[in-house]
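Subject: Structure handover

Hello,

Please find the structure below, with the sequence. My notes on what was found in it follow.

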Amino acid sequence: ERIDKLNEIGFVWEPLEAAWQSKYNKLNTFYKRYGHTKIPIPMGGDGDEELYYWCMRQRYSKAKGRSKDHRYDQLKKIN
């Protein structure tokens with residue numbers, strides 16, 4: 001019963017996964033708007049600094065072999 005009530009109010013069971021999905025959705029929106037995923041370097045409040053650094057971390061994780069397969073597969077679907 002408690003679990004049902006928490007689900008009803010939108011309780012997030014996996015906050016790290018939810019945060020990752022939120023950034024992924026932002027990247028997907030960016031791609032649909034601009035046709036690429038190369039987020040510009042934020043300068044003086046221009047651009048989305050948070051998304052830029054998130055993308056850099058995803059690329060770094062992949063290069064170091066630390067990227068989770070299901071996340072990498074999801075990112076590949078954008079391009």
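The side chains of Glu50 and Lys23 form a salt bridge, with 2.5 Å from N to O. A salt bridge here is a side-chain nitrogen of Lys or Arg within 4 Å of a carboxyl oxygen of Asp or Glu. This pair connects distant parts of the chain, as Glu50 is in helix H3 and Lys23 in helix H2, 27 residues apart. Helices (H or I, at least four residues) are DSSP runs numbered from the N terminus. Lys23 is buried, at a relative accessible area of 14%. Buried means under 20% relative accessible area, exposed over 50%, and partly exposed in between, with a 1.4 Å probe and protein chains only.

Before the rest, the conventions. This is a predicted model, in which local features need pLDDT of at least 70 and side-chain atom pairs count only at pLDDT 80 or more, while totals for chains, interfaces and linings use all residues. Residues are numbered from 1 along each chain as its sequence is written, and side-chain values use heavy atoms, with hydrogens and water left out.

Salt bridges

Searching the whole structure gives five salt bridges. One of them joins Arg71 to Glu17, where the closest N and O atoms are 2.9 Å apart. Here too distant parts of the chain are linked: Arg71 belongs to helix H4 and Glu17 to helix H2, 54 residues apart. Arg71 is buried, with 16% relative accessible area, whereas Glu17 is partly exposed at 22%.

The side chains of Lys76 and Asp73 also meet in a salt bridge, at 3.8 Å from N to O. Lys76 and Asp73 are three residues apart in helix H4, so about one helical turn separates them. Lys76 is partly exposed, its relative accessible area being 46%. Asp73 is likewise partly exposed, at 38%.

Helix H4

Helix H4 covers residues 69–76, and its buried residues are Arg71, Gln74 and Leu75. Viewed down the axis of H4, the buried residues fall within an arc of 100 degrees, so they line one face of the helix. The arc is taken from the directions from the helix axis to the C-beta atoms. Helix H2 (15–34) and helix H3 (49–63) are among what covers these buried residues.

Which residues does Arg71 touch, not counting those up to four places away in sequence? They are Leu16, Glu17 and Trp20, where contact means heavy atoms within 4.5 Å. The side chains of Arg71 and Glu17 are also listed as a polar contact of 2.9 Å. A polar contact is a pair of N or O atoms within 3.5 Å; within protein, one must be able to donate a hydrogen and the other to accept it, and residues adjacent in sequence count only if both atoms are side-chain atoms.

Ser61 lies in helix H3 and is partly exposed, at 23% relative accessibility. Leaving out residues up to four places away in sequence, Ser61 touches Arg66 and Ser67. From C-alpha to C-alpha, Ser61 and Ser22 are 18 Å apart in space, and they are 39 residues apart in sequence.

Ser67 is in the loop between H3 and H4. Is Ser67 buried or exposed? Ser67 is buried, with a relative accessible area of 19%. With neighbours within four places in sequence set aside, the contacts of Ser67 are Ser61, Lys62 and Tyr72.

Arg57 is another residue of helix H3. Arg57 is partly exposed, at 47% relative accessible area.

Surface patch

Ile3, Ile9, Phe11 and Trp13 make up a nonpolar patch on the surface, and their accessible area together is about 470 Å². Patches consist of residues with over 30% relative accessible area and no salt bridge; like charges are joined within 9 Å and nonpolar side chains (Val, Leu, Ile, Met, Phe, Trp, Tyr) within 5 Å. Accessible areas come from the Shrake-Rupley method with a 1.4 Å probe, and for residues only the protein chains shown count as cover. Phe11 sits in the loop between helix H1 (2–8) and H2. Phe11 is partly exposed, with a relative accessible area of 40%.

Regards

Terms used: Helix = DSSP H or I, 4+ residues; strand = E, 2+ residues; numbered from the N terminus.
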